[in-house]
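I opened this notebook to keep track of what I looked up, one topic at a time. The entries follow the order in which I went through the structure.

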Amino acid sequence: MTVDIKVIRAGQMYRYYLRQTVVGDGRRPARTPLRAAQEQAGVPAGRWMGRGLAALGLAPGEEVTEAQLRNLLGERGRHPDADRIEADRLAAGDSPKKAYRAGALGRRVTVTGVDFVFRPQPTIYLLWALGDEETRRVIEAAHEYAIGRVLEWIEDEVAVIRYGTDGIYRVRPPGGLVAARFRHYEARSGMPLLHDHLLLSVKGQRLDGEWGSVHTLALHENTVAASALYNELVAAEVCEELGLATEPRTVTPGRRPVMEIAGVPHELIRWTARRSDQITACLTELEHEYVTAVDDNGEPRFLPVISERARAKLNAIAARKTRPPKQKTLSLAQLRAWWKTSAILTSGVAADVITSLLEHARAAAAAIRARVTAVVDIALAAVDVAATVFVMNDGGRFHRRHLLAEARRHLGLVLRGRRREPGLDEKIAAAAISTYCLDISEPKTVRGLEAGYRLYTARWALSDLTARRRTPAVPDPDHQPPADPGEPAAPRPPGQGAGEWEIPRIPLQYERAVLAGAVVREKLHTTVVRGRAYDIARHQQAAMPEQLLAPEPTDPERDDQEPEAGVEEAIDMTALRALKASRTDVEALDFTAAQLRRATEVFTKAGDEAAARTKQYTGRETAPPVHPMRQEEQHRPQQLGPHGPEAGR
């Protein structure tokens, strides 16, 4: 996730933000004016953002002064120019108490704002750090544009002001919000890391002109959706302006792939990952302490398996324990020269590749654009989004914000760095809700009646899938016991003795979600009208990572031949080529037997739970299960299904 959030409290402004964050995370010398400290640190001045500035008499892009920041975020929510307002009222003859109240923005609060940290993907800030001046300006402009769009989305769709008894009334701030943006150029390790701190005030004006406070819980709940929107926008702007494309890269096996700029060597990312290596080493020690911890009676305190949630908490602890102090600051020009020299000497990447990094990325983009056509099918996208969200959320229950975040990730995966029409993510989320989701909300509060807090689950009936659990094998000292009882025992790595196994982990949810999407698509077997089958083929091809695509035939005249044996899990594209040649009207996406067998095993339990929930909340039996089609029935003409011309157009 490339957008982080942290609460800002009134007293915290003096101890941390005004001394370090606003001056590039360095240590601000005592009694040094803010602007002078920023010049010494080599970072630009902060700038105001947000539509709420008009109500305060400020304009977007104006420089943020220390007094304004102290009043708004450090004095429990006062007007940025409260000092001037108070002086004017005193000069007009008002009492000190009345003059002080004139500079207040509603009631005083302890939580005065939130700190959003926006940083682009590593390959983007590597191009920013190692490219020429024009590339740097384009990337910074795309970075600022994406932040502005995310702030607009928060103002329009996320932020709510609570008022009344127990906050029973909730309204959007019609005038918008107020934020101060501060730019940083490097990480604490000295490596390049373009990122901005957006200090968002919780103060907002209601329709009656009174000032209230934005509910920070809503901001926290939508951080993932904001991060997905920022990633999609900044990648699209950079790729469109510089002629680049994105590709999915697997950072951790089994986890969600990360969309990066194609053509930038992975060794350069590793060159900047000094902090990641330190965190990984510390995390290994913490995991060992976690699984070996015992209570006073000598019993294990935790399960001997590390879940994703426990691993995330341990990772946060490791990040805090290994956080180094800020190094000596340099100007951006000096930093860029040092980064390029260090990359040439220590990254292991050839010097000509580093000096012409943009040209290499453009060549890779040309190859991707020639092979992958960006086609978004809303109906098929809704299937993938609903299946992924259903599996990755505990208990198969989720809200609209989860679907919206996954829709944005899906668009980034399919479009490969191209711009999209506004509102396409909203259409995919709406299609997923209306077609594949069941509303199981039981609202007991006013908030539960809102659309953003409706609770959903999937409406698929997949309980007809037969579980095919492997027979447990006899314990073998040369095979490691698996974390999942249904999995085979793994061979012992060479050089390890009995009992020296790696710490078992619960299977990652994203891997199960991908298999769930394959099962759902196979069960649905969507019928399409003439002409739309080609869009489906291109949509599925664009949504698949490069390593999962079957190799293209080298000879056009031998297009009907079977692909050579390669990656075992590759999607068989022969049916898609036959579909294009025969101009049939039926979707012909075939999955390998190994894929379906694996998907059946891991998704049976989730399907049973979905059927049980559907029966519980609807009070009736689920629809009759849809049986898989036989091989000879896959090309038989069918009646028009739920994904006709109106579904995705």
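Which residue in β7 does Val117 stand opposite? I noted first that I was reading a predicted model, and then found that the residue facing Val117 is His197 of β7. I next looked up the strands concerned, and recorded that β3 (residues 111-118) and β7 (residues 192-201) run antiparallel and are joined by 6 bridges.

Entry on the sheet. I traced 5 strands forming an open sheet with antiparallel pairing, in the order β1-β3-β7-β6-β2. I marked β1 (3-9) and β2 (47-49) as the edge strands, since each of them pairs on one side only. From one strand to the next, I noted a twist that averages 30°.

Entry on the helices at the sheet. I saw that α7 (residues 122-130) lies across β6 (179-186) and β7, and that α7 runs at about 115° to β7. Helix α8 (residues 133-158) packs on the sheet, where I listed its contacts with β2, β3, β6 and β7, and its direction makes about 30° with that of β7. I then checked burial in α7 and found that 8 of its 9 residues are buried, so this helix is largely enclosed by the rest of the structure. Among the buried residues I wrote down Tyr125, Trp128 and Leu130.

Entry on Phe302. I located Phe302 in the loop between α12 (274-292) and α13 (308-321), and I classed it as partly exposed because its relative accessibility is 32%, which falls between the 20% and 50% cut-offs. Leaving aside neighbours within four places in sequence, I found Phe302 in contact with Tyr290 and Ala293. Phe302 and Tyr290 are 12 residues apart along the chain, and I noted 7.1 Å between their C-alpha atoms.

Methods
Residues numbered from 1 in each chain as written. Predicted model: local features only at pLDDT ≥ 70, side-chain atom pairs only at ≥ 80, totals over all residues. Heavy atoms only, no water. Pairing = 2+ DSSP bridges. Helix = DSSP H or I, 4+ residues; strand = E, 2+ residues; numbered from the N terminus. Axes fitted to C-alpha atoms, helices over the stretch in contact; angles between N-to-C directions. Contact = heavy atoms within 4.5 Å. Buried < 20%, exposed > 50% of the residue type's maximum accessible area, 1.4 Å probe, protein only.
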